[in-house]
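Subject: Structure handover and findings

Dear colleague,

Please find below the structure that I am handing over to you. My notes on what was found in it follow directly after.

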Amino acid sequence: MAWNEPGNNGKDRDPWGNNGKNQGPPDLDDLFKNLSRRFGGLFGGGNRSGGEFSRVGLSVAVAVGVVVWVVSGFYTIKEAERGVVLRFGEYSHIVEPGLRWKPTFIDKVIPVDVESVRSLPASGFMLTQDENVVRVEMDVQYRVVDPKAYLFSVTNADESLRQATDSALRYVVGHNTMDDILTTGRERVRSETREGIEQIVEPYQMGLQVVDVNFLPARPPEEVKDAFDDAIAAQEDEQRFIREAEAYAREVEPKARGQVKRLEQEAEGYKSQVVLKAKGEVARFNELLPQYLAAPELTRQRIYIETMEEIYQNANKVLVDLPQGNNSMIYLPLDKLATGSKPARAAAPQMPMAGVDSQQSGGGVMEGANSAPAPIRGGDRFSGRN
């Protein structure tokens with residue numbers, strides 16, 4: 001049943017305390033006075049006026065607010081960070097790592113990591129100089145060196161660096177052939193891309209420093225991937241064959257140079273030997289010439305004997321015992337005797353031995369050939385006559 005419904009035994013349940021009298025809206029002044037009387041005892045004076053209560057409550061609220069404001073101003077900057085302080089929205093200064101305090105609602109601190117190396121990937125299908133399409137992936141590593149420039153030089157420094165990387169990479173890829181990008185020119189593409197990025201971001205003063213640029217393996221479209229794999233394998237085989245040839249050349253050339261040097265030294269030695277031998281013969285001739293002029297016949301006989309002695313020392317000899325009174329002998333194969341083979345004992349026609357007197361008795365000496373060399377005439381060796 002509603003509070004103002006008839007039949008309530010004459011007791012209207014008016015929430016404003018009128019009890020069935022005037023049902024109009026309550027007086028606000030009376031309401032505040034009732035609240036003041038009820039809560040006045042909390043501050044030690046239930047009979048105080050409403051003005052005193054308002055002043056005390058406001059003082060307590062202000063004191064609590066000041067404490068909260070002071071406590072909320074403490075903050076910490078990490079070791080790898082630097083704090084950029086904004087005072088009423090305008091840049092003020094940079095704070096170092098540690099426990100700091102700022103006036104809340106006046107200063108705002110933005111921490112910026114200046115030691116960690118950040119990574120920015122970039123990839124996409126790009127057109128090369130020879131009008132081929134290749135997928136290129138690159139990873140740019142950078143870090144913040146100026147927190148103020150990083151936050152306020154451009155709207156978004158990371159996004160600006162991404163666009164600069166994409167622009168530099170497309171420019172470099174567009175000025176190189178596909179073979180260079182996939183094989184031998186990868187290092188050149190990486191270095192040129194880094195230089196292009198630095199040239200683009202330098203005028204904007206974004207507070208960033210490019211640490212390194214990693215050029216990830218590029219690959220052609222799937223439709224022609226097999227053909228390019230074969231081409232790369234052929235180029236690798238070419239480089240391998242070249243290295244093998246260079247290794248073989250390094251192995252053979254020293255041997256050839258050593259052999260040439262040895263032949264040169266042998267030739268020099270032979271030259272020296274011939275020259276010294278000729279000089280020795282000239283000196284010997286000069287020593288024998290006075291003796292020959294003093295006693296020609298005696299000198300001629302001595303030279304003959306020395307010459308025959310030298311000849312017989314270097315020739316094979318066969319001793320034959322001739323019976324007395326026999327002017328013939330059995331033919332002997334001297335060439336087989338000289339080589340050590342057993343001569344045949346078959347009968348052979350008898351013939352007189354050249355250079356042996358038929359009336360001579362006793363033993364004879366034969367030289368390794370069929371006949372002994374003719375004696376040298378005494379004056380032939382020194383006079384120059386035939």
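Of the 386 residues in the chain, 22% are buried (buried means under 20% relative accessible area, exposed over 50%, and partly exposed in between, with a 1.4 Å probe and protein chains only). The model is a predicted one, in which local features need pLDDT of at least 70 and side-chain atom pairs count only at pLDDT 80 or more, while totals for chains, interfaces and linings use all residues. Residues are numbered from 1 along each chain as its sequence is written, and side-chain values use heavy atoms, with hydrogens and water left out.

The accessible surface of the chain is about 27,700 Å², and carbon and sulfur atoms account for 54% of that surface (Shrake-Rupley method, 1.4 Å probe; for residues, only the protein chains shown count as cover). The chain contains ten helices and ten strands (DSSP runs numbered from the N terminus: helices are H or I with at least four residues, strands are E with at least two). Among contacts between residues at least 6 apart in sequence, 65% join residues at least 24 apart; contact means heavy atoms within 4.5 Å.

Helix packing

Two packed helices are described by the angle between their axes and the distance between the axes. Helix α4 (residues 157–174) and helix α6 (residues 186–201) have axes that come within 8 Å and cross at roughly 135° (axes are lines fitted to C-alpha atoms, for helices over the stretch in contact, and angles run from 0 to 180 degrees between N-to-C directions). That angle makes α4 oblique to α6 (under 35 degrees counts as roughly parallel, over 145 as roughly antiparallel, 65 to 115 as roughly perpendicular and the rest as oblique). On the α4 side, the residues in contact include Leu161, Ala164 and Val172, and those they meet in α6 include Val189, Gly196 and Ile200. By class, this contact of α4 with α6 has nine nonpolar, four polar and one charged residues (Ala, Val, Leu, Ile, Met, Phe, Trp, Tyr, Cys and Pro count as nonpolar, Asp, Glu, Lys and Arg as charged, and the others, Gly among them, as polar).

The second pair is α7 (225–294) and helix α8 (residues 296–313), whose axes are 6 Å apart at an angle of about 135°. These two helices are therefore oblique to each other. Arg284, Leu288 and Tyr292 are among the α7 residues in the contact, and Pro296, Arg300 and Glu306 are among those of α8. The contact of α7 with α8 comprises five nonpolar, two polar and four charged residues.

Leu289 also lies in helix α7 and is partly exposed, at 32% relative accessibility. Its C-alpha atom is separated by 9.4 Å from that of Thr299, ten residues apart along the chain.

Loop residues

Most residues other than glycine have a negative phi. Glu131, which is not a glycine, has a positive phi of about 65°. Glu131 is placed in the loop between β6 (118–127) and β7 (133–144) and is exposed, with a relative accessible area of 66%. Gln205 also has a positive phi, near 50°; Gln205 is in the loop between α6 and β8 and counts as exposed at 53% relative accessibility.

Finally, Glu222 occupies the loop between β8 (208–215) and α7. Glu222 is exposed, with a relative accessible area of 57%.

Yours sincerely
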